[in-house]
Amino acid sequence: MGGAVGEAMRAGVVAVFLAVAVSGAAGAGALPRFAEAPEYRNGEGCPAAAAAGVCDPGLVHIAMTLDAHYLRGSMAAAYSLLKHASCPESIFFHFLAAEAGAAEPEPELLRRAVAASFPSLRFEIYPFRAEAVAGLISASVRAALEAPLNYARNHLADLLPRCVPRAIYLDSDVLAADDVRRLWETRLPAAAVVAAPEYCHANFSRYFTPAFWSDPGLGARVFAGRRRPPCYFNTGVMVIDLRRWRAGNYRQRIERWMEIQKEKRIYELGSLPPFLLVFAGEVEAVDHRWNQHGLGGDNVHGSCRPLHDGPVSLMHWSGKGKPWDRLDAGRPCPLDHTWKSYDLYIPSDGSGAASPASGPALAASLFSW
């Protein structure tokens, strides 16, 4: 049985959305191999599958984006979500795949890869067109941040079926240590479109250039009149009300800031600053336990970092250093060994093949309530 069965076990199904584009080293039609994950069963009180499918009002929807380099991460993330779910057999995955091209495989290849590792998984694959955002992307401090799929989160309300009321967006370099249903139950008051952990101790001004702060039409004026003073939040973990997003045309608002960026260079990072410009000061705060981020170091060096103080429900390797890269290079950080417990990747030479059945779960003390 996956995870503790108790008060968190309520009617509903978890639906996880992964956006996948396999390119670069993997190459078209050349996907890595992954081991079959253990199969987890529902506990008492879990709902039966509903005939309404994805439009079932009891569904919990989770969105994730990744490219070829993150496919290994997405497999580990999905495995951890299943392992810690109170009702793992009710999880439904929707994969958003880049349209097939010279470097991208046909979605059917991705379907086979996922089905091989998760034979009982309920999932679907949908295409995402990179040209929808390519003309809006500016150069960033790290090339990986310029990938079109980093901006797919802006399009969730367009890509997901309109019967889906909200979604949890998760980056692909995360590891669940708790039942994600708890995050899903976050209350979004009428004034909020997005809920996420906020970090008000961070230097908010550094996310924008001096030109932004010195422009009389921008700077502090942008954030005047908001519910609260603007704070940094990491866009790798968000609960999004999709109906309010659509009604408020928030994709267009974000894209307007991306257009201004092309004209004035008001920030240096990728998809994060436009979200801050639109939502900082309007975000509904979530407990920090749901985004123990920064485990990948900064965007330049990717150095090792420890967990923050406090309980942990979700670990996030944001930053340049990814656990699979550091493990393969023989220079893992201490917490990368925890991620390794969920790694389903099988090296091409067969060495160090994954053995997920023997991998330990994250210690209960990390996420005790």
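In which loop is R265 found? In this predicted model, R265 sits in the loop between α8 and α9. Its phi is near 55 degrees, a positive value in a residue other than glycine. R265 has a relative accessibility of 30%, so it counts as partly exposed. A second residue can be described in the same terms: N249, too, is a residue other than glycine with a positive phi, near 55 degrees. N249 belongs to the loop between α7 (242–247) and α8 (250–264). With a relative accessible area of 43%, N249 is partly exposed. As background, most residues other than glycine have a negative phi.

The protein chain holds eleven helices and 14 strands. Of its 369 residues, 57% count as buried. The accessible surface comes to about 15,100 Å², and carbon and sulfur atoms account for 53% of that area. Among contacts between residues at least 6 apart in sequence, 78% join residues at least 24 apart.

Nonpolar side chains in soluble globular proteins tend to be buried together. The largest nonpolar core has 51 residues, and the members touching the most other members are F208, W245, L276, L277 and F279. Helix α9 (residues 272–279) supplies the largest share of this core, six residues. Apart from this core lies another, of 33 residues, which includes F34, Y79, F93 and L344. Leaving aside neighbours within four places in sequence, F279 is in contact with V193, V194, R226, F233, W245, Y250 and I254.

β6 pairs with strand β11 (residues 237–241) in the antiparallel sense, over five bridges. In this pairing R166 stands opposite D241 of β11.

How many disulfides does the chain have? The count comes to four. With bonded cysteines counted along the chain, the pattern is 1-3, 2-4, 5-6, 7-8.

One of the disulfides joins C46 to C87, with an S to S distance of 2.1 Å. This link is left-handed, with -90 degrees about the S-S bond. C46 lies in the loop between β2 (33–34) and β3 (59–67), and C87 in the loop between α1 (71–84) and β4 (92–98), so that the pair links distant parts of the chain, 41 residues apart. Both ends are covered: C46 is buried with a relative accessible area of 18%, and C87 is buried with 1%.

Another disulfide is formed by C200 and C231, whose sulfur atoms are 2.0 Å apart. The torsion about its S-S bond is about 105 degrees, so this disulfide is right-handed. C200 is in the loop between β9 (198–199) and α6 (210–214), while C231 is in the loop between α6 and β10 (232–233); the pair therefore ties together parts that are 31 residues apart in sequence. C231 has 8% relative accessibility and so counts as buried.

C304 and C333 are also joined by a disulfide, S to S 1.9 Å. Their link is left-handed, with -85 degrees about the S-S bond. The distant parts linked here are the loop between β12 (284–285) and β13 (314–316), which holds C304, and the loop between α10 and α11 (336–340), which holds C333; the two cysteines are 29 residues apart. Is each end buried or partly exposed? C304 is partly exposed, with a relative accessible area of 44%, whereas C333 is buried, with 3%.

D325 is partly exposed because its relative accessible area is 31%. In sequence D325 and H69 are 256 residues apart, but in space they are 9.3 Å apart, C-alpha to C-alpha.

Methods. Residues numbered from 1 in each chain as written. Predicted model: local features only at pLDDT ≥ 70, side-chain atom pairs only at ≥ 80, totals over all residues. Heavy atoms only, no water. Core = buried A, V, L, I, M, F, W, Y, C linked by side-chain atoms within 4.5 Å. Buried < 20%, exposed > 50% of the residue type's maximum accessible area, 1.4 Å probe, protein only. Helix = DSSP H or I, 4+ residues; strand = E, 2+ residues; numbered from the N terminus. Contact = heavy atoms within 4.5 Å. Disulfide = S-S within 2.5 Å. Pairing = 2+ DSSP bridges. Areas by Shrake-Rupley, 256 points an atom, 1.4 Å probe, with all protein chains shown as cover.
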